[in-house]
Amino acid sequence: MKALILVGGFGTRLRPLTLSVPKPLVDFANKPMILHQIEALKAIGVTEVVLAINYQPEVMLNFLKDFETKLGIKITCSQETEPLGTAGPLALARDKLIDDSGEPFFVLNSDVISEYPLKEMIDFHKAHGGEASIMVTKVDEPSKYGVVVMEESTRKVEKFVEKPKLFVGNKINAGIYLLNPSVLDRIELRPTSIEKEVFPKIAAEQKLYAMVLPGFWMDIGQPRDYITGLRLYLDSLRKKSSSKLATGSHIVGNVIVDETAKIGEGCLIGPDVAIGPGCVVEAGVRLSRCTVMRGVRIKKHACISSSIIGWHSTVGQWARVENMTILGEDVHVSDEIYSNGGVVLPHKEIKSSILKPEIVM
Amino acid sequence: MESSDERVVAVIMVGGPTKGTRFRPLSFNTPKPLFPLAGQPMVHHPISACKRIPNLAQIFLIGFYEEREFALYVSSISNELKLPVRYLKEDKPHGSAGGLYYFRDMIMEDSPSHVFLLNCDVCCSFPLPDMLEAHKRYGGMGTMLVIKVSAESAHQFGELVADPTTMELLHYTEKPETFVSDLINCGVYVFTPEIFTAIQDVSMHREDRANLRRVSSFEALQSATSRALPTDFVRLDQDILSPLAGKKQLYTYETMDFWEQIKTPGMSLKCSALYLAQFRHTSPHLLAGGDGTKTATISGDVYVHPSAKVHPTAKIGPNVSISANVRIGAGVRLISCIILDDVEIKENAVVIHSIVGWKSSIGKWSRVQAEGDHNAKLGITILGEAVTVEDEVVVINSIVLPNKTLNVSVQEEIIL
């Protein structure tokens, strides 16, 4: 079975992290974002994943070679020379997605994190016998998104309404599709929107069905949602009683710590914290609602909350870092510094406090 | 000492990547020394100035960038000037004088009688032949270019005191906290080969002191400020100029022309204007002319690359520099800006006090502008590479990182 992951462009909303690596390789819960999806696909028997990209293919390809062998799944890239929107890339990768088996193929949006109930989606797709299945998720504020209006009993999709002013429904497109090969005949090789052009046509023919996504869903393409997404992800690990969660008297709530990371005496870690490979957390450190990427050193008595600390950075002794502070790669915060929402580009030293949210270039 | 074929060599320090964050976002894809001012790469201006030195044998560029980043430029400029220009990469920081010493064998390979040392990010008229003549008259080991600045700004630089008759350097101090003098170091020097001995003396002296330190346990308790530097790390200002001041070895040559440091994108716009003004005297053929009949109306000093296309109804200038393959549409107004390669500016748009990055697109009736304070953080609007400003959008006093599309107006913002 095949799958396509829409990786797209520059990931500018996740800067400064994406100034160092392309977005799919930014770590989430100690694993590159795209690996969460590739592993879910592998688990239900997908043998080939095509990545639709238009930025830094060399970096992606190098990384993928490692994972192809480790995971035993074929990974290829389909590179857009001009941005093709959300449907165009499918036409571009047509030859890779269709084979003689006539099986449907998955399409995933790379910014999405969820439990990926793909096996259930395959069963759902077979049961209704339509041409395409789309996963939808319930949200509190549907007007921020595109709402999918469907018939409750049959789950047949009636229409899509973009950012509706009046309430028409609370289910939005979760960015996970299962499509029959015939859908590719509907897509031309030009910039095309799957929500605005392709799906409405299939819905009009009564062949598009929507499955409500069980479990959590988050678009982690920007820092605030990334931090919320980590909470939801760790929460779902807890529900599955995962052994991946850290335990100990210094742990509060849901926390994951890479086995190569070191944590000193007298720390209090959690809730909702991820500590990456090779990190050193010195004595007396408080971490909550934050991600600490590979190779970071947090010095003694520091306190970090609601922030992301980029690869190989350091946070000084008694420093306080909070309120959506995002440190890019190789950023060094001096001792006793306070950062309130500083967004710091790579290779910088922070020697004076940041009192209100500010970008440091 | 005087010989009829005295050769001169020039060394230009171009700096390197890890310290260059002040030039963001323009430095993301292009090394700062290759960023264009008045249509020519920044390093081209000191290089052209060196060409005016009689008996110039070679030019060396020394920096921390990868060799491949300079390979193309260096080979093309060598061909153009019919003069060897080489890029040498420092493997680790040696300090501003240590770098010169590290490559001394190559620098001295033609046995030059004099070595010029220039900093790439200095913008001035580079009166190098006159400096060389003055240096020969003084008969010292080195002569440095100096300029008077306002008393308030002097503390940002190396302040010095010179004898008004002999022009000897009497006192030198780097970035002092209290006022010493309004005469400052321009970062342009000429030396005799004795400079290498002077640098070597600093290294050896430091090594001797390091040996002593191992013996004394009291010295081992000293604070961080006297932490020993590696023996091969020699700074020109603190280790050579300050100690040798007043010993009849170093002299000064004062310039009355312009002088600026190009540390930020805002300053690059100011320096581009200074060089354009200089072209009016030195190379007027490089400046554009036009009166709106067959070609666009040109006001003041303007550079337009030969491959750029400018609609005749546009009005350009003063202080505008337009790079290769740019397309300027009908009715566009450009004032005080640098338009980089492959940019498209659509009809009736206005750009003032801004730098528009490579491949960007400026929409119809849109307005990209800033107040024009070259020293303020958001005083000049900077658009990075491949930024799209949609029709009728206004961008004021902002910095936009590469690959962004602006479809709503913004003011006083940094857009990541």
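**Interfaces of chain A**

Between the two chains, 13 residues of chain A are in contact with 12 residues of chain B. The model is predicted. Within chain A, the domain assignment gives domain 1 (2-219) and domain 2 (226-359), and these two domains also meet at an interface, with 15 residues of domain 1 of chain A in contact with 26 residues of domain 2 of chain A.

**Chain A against chain B: area and composition**

- The area buried between chain A and chain B is about 1,200 Å², and carbon and sulfur atoms give 60% of this area.
- Arg15(A), Ile359(A) and Met361(A) supply 52% of what chain A buries against chain B, more than any other three residues.

- The rule finds 1 salt bridge across the interface of chain A and chain B.
- In a salt bridge, the side chain of Glu358(A) meets that of Lys377(B), at 3.9 Å from N to O. With the cut-off set at 4 Å, the pair qualifies because its distance lies within that limit.
- Residue pairs in polar contact between chain A and chain B number 5, counting pairs with both residues at pLDDT 80 or more.
- Sorted by class, the side of chain A that touches chain B comprises 8 nonpolar, 2 polar and 3 charged residues.

**Domain 1 against domain 2 of chain A: placement and area**

- A distance of 31 Å separates the C-alpha centres of domain 1 of chain A and domain 2 of chain A.
- About 1,700 Å² is buried between domain 1 of chain A and domain 2 of chain A, with 74% of that area given by carbon and sulfur atoms.
- On the side of domain 1 of chain A, Pro16(A), Leu17(A) and Asn30(A) supply 32% of the area buried against domain 2 of chain A, more than any other three residues.

**Domain 1 against domain 2 of chain A: contacts and composition**

- Across the interface of domain 1 of chain A and domain 2 of chain A, the rule finds 0 salt bridges.
- There are 5 residue pairs in polar contact between domain 1 of chain A and domain 2 of chain A, both residues being at pLDDT 80 or more.
- The elements giving two or more residues to the side of domain 1 of chain A that touches domain 2 of chain A are β2 (27-28) and β13 (217-219) of chain A.
- By class, this side of domain 1 of chain A has 10 nonpolar, 3 polar and 2 charged residues.

Technical notes
Residues are numbered from 1 along each chain as its sequence is written. Chains are lettered from A and ligands numbered from 1 in the order in which they are written. This is a predicted model: local features need pLDDT of at least 70, side-chain atom pairs count only at pLDDT 80 or more; totals for chains, interfaces and linings use all residues. Side-chain values use heavy atoms; hydrogens and water are left out. Domain bounds come from an automatic or database domain assignment. Contact means heavy atoms within 4.5 Å. Buried area is the accessible area (1.4 Å probe) that two parts lose on being put together, summed over both. A polar contact is a pair of N or O atoms within 3.5 Å; within protein, one must be able to donate a hydrogen and the other to accept it, and residues adjacent in sequence count only if both atoms are side-chain atoms. Helices (H or I, at least four residues) and strands (E, at least two) are DSSP runs, numbered from the N terminus. Ala, Val, Leu, Ile, Met, Phe, Trp, Tyr, Cys and Pro count as nonpolar, Asp, Glu, Lys and Arg as charged, and the others, Gly among them, as polar.
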